[in-house]
Amino acid sequence: MLRSLKDLEHYAVTATDGDVGSVVNFLFDDERWVVRHLVVDTGNFLDGRHPVLISPISFHQADWATRHFHLSLTKDKIKHSPSVDVDKPVSRQHESDYYGYYKYPSYWESSGMGAYPGLTQGNPYGSHVTTKPSDVHLRSAREVRRYHVQGNDQAIGHIDDFIVDDVTWEVRYLVINTTNWWFGKKVLVSPHWTSRISWLEDTVHVDLSRQQIKDSPEWKPDAGVNREYEARLYDYYGRPVYWDPQSRTADVAPSRVITAL
């Protein structure tokens, strides 16, 4: 099922032996557009240590009805995990320490390990990437939510939210708020349709015109995202649908020029 990251904030998080805290943010991989970590504010649950990173690999169960993530980890294991400053971009070295501590497979060292929990299944959007320990590839969803969106002719709006697959944790859509031009309208665009991202300018560039965005199927948050809407969206943009194995490999983002950190 597809879900809004905003809606997943403040979900309670529980270890095998008690409460840990609540979700306050998410870190996503800017190469493959997959949520890699939940940022959990532990408050007073772990003797004052907060926040901590939790990988979806750690999930025992996600209880959507009660807004609760149950982990297959103990509180002590989480308490002693490597410290990470989540207010700064997270380097590959920090991730290496984290994955080594939990003995999780590192997704960046093997092709096809693009999503969770099916780590060994191929990701049509991912590829083997050689990285250095200092490389930074994790981005804060809360930070990027304020980024401007620039079309190939004019400004379009800003990132308002992300829609993710609650099984694979892939980011399926960027929610673009176009309020500055069309009152109250929000539209969805696949992150794989972006052409360039400038971290220095806080801007996401898409190879779409303002008029194309204006005329695209409107998305209403209360209605969620269903396959009927997705089919209309992909048909409107003339893109191959990601849920068809025979066509989804064609829906790969062009080589993005990612400028600055």
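**Entry 1: helix α6.** I began with the face of α6 that is turned away from its buried side, and I found there the exposed residues Glu-228 and Asp-235. The model is a predicted one, in which local features need pLDDT of at least 70 and side-chain atom pairs count only at pLDDT 80 or more, while totals for chains, interfaces and linings use all residues. Residues are numbered from 1 along each chain as its sequence is written, and side-chain values use heavy atoms, with hydrogens and water left out. I take buried as under 20% relative accessible area, exposed as over 50% and partly exposed as in between, with a 1.4 Å probe and protein chains only. Helices (H or I, at least four residues) and strands (E, at least two) are DSSP runs numbered from the N terminus.

The buried residues of α6, which spans residues 227–237, are Tyr-229, Glu-230, Leu-233, Tyr-234 and Tyr-237. They line one face of the helix, because seen down the axis they fall within an arc of 130°, the arc being that of the directions from the helix axis to the C-beta atoms. I then asked what covers them, and the cover includes β1 (2–4), β12 (171–177), β13 (186–189) and α5 (210–215); contact here means heavy atoms within 4.5 Å.

**Entry 2: the whole chain.** I counted 6 helices and 16 strands in the protein chain. Of its 261 residues, 52% are buried. Among contacts between residues at least 6 apart in sequence, 57% join residues at least 24 apart. The accessible surface comes to about 12,000 Å², with 49% of it belonging to carbon and sulfur atoms; such areas come from the Shrake-Rupley method with a 1.4 Å probe, and for residues only the protein chains shown count as cover.

**Entry 3: helix α3.** In α3 (residues 92–102) I listed Arg-92, Glu-95, Tyr-98, Tyr-99 and Tyr-102 as buried. Their arc around the axis is only 115°, which puts them on the same side of α3. Lys-103 follows the helix and has a positive phi, near 60°.

**Entry 4: aromatic rings.** I counted rings of Phe, Tyr and Trp (its six-membered ring) as a pair if their centres lie within 6.5 Å, with planes under 30 degrees apart called stacked, over 60 edge-to-face and the rest tilted. By this rule there are 22 aromatic pairs. One of these joins Phe-28 and Phe-162, a tilted pair at 5.4 Å centre to centre with 45° between the planes. Phe-28 belongs to strand β3 (residues 18–29) and Phe-162 to strand β11 (residues 155–165), so the pair ties together parts that are 134 residues apart in sequence. Phe-28 and Phe-162 are buried. Tyr-102 and Tyr-104, by contrast, are stacked, at 5.3 Å centre to centre and 10° between the planes, and this pair too consists of buried residues. I also noted one aromatic cluster formed by Tyr-173, Trp-193, Tyr-234, Tyr-236, Tyr-237, Tyr-242 and Trp-243.

For charges over rings, I required NZ of Lys or CZ of Arg within 6 Å of the ring centre and within 35 degrees of the ring normal. Arg-227 lies over the face of Trp-243, at 4.1 Å from the ring centre, and the charged end of Lys-77 sits over the ring of Tyr-101, 4.2 Å from its centre.

**Entry 5: the core.** A nonpolar core is a set of buried Ala, Val, Leu, Ile, Met, Phe, Trp, Tyr and Cys residues joined through side-chain atoms within 4.5 Å. The largest one has 69 residues, and Phe-162 and Tyr-173 are among those with the most contacts inside it. Leaving aside neighbours within four places in sequence, I found Phe-162 in contact with residues including Leu-5, Phe-28, Trp-33, Val-144 and Tyr-173.

**Entry 6: single residues.** Which residues does Asn-177 touch, not counting those up to four places away in sequence? I found Ile-156, Gly-157, His-158, Asp-160, Lys-185 and Lys-186. Asn-177 has its place in strand β12 and counts as buried at 11% relative accessibility. Its C-alpha atom is separated by 5.5 Å from that of Gly-157, 20 residues apart along the chain.

Last, I looked at Arg-67, a residue other than glycine with a positive phi near 55°. Arg-67 lies in the loop between β6 (59–63) and β7 (68–71) and, at 38% relative accessibility, is partly exposed. Asp-202 also has a positive phi near 55°; it lies in the loop between β14 (194–198) and β15 (203–206) and is buried, at 18% relative accessibility.
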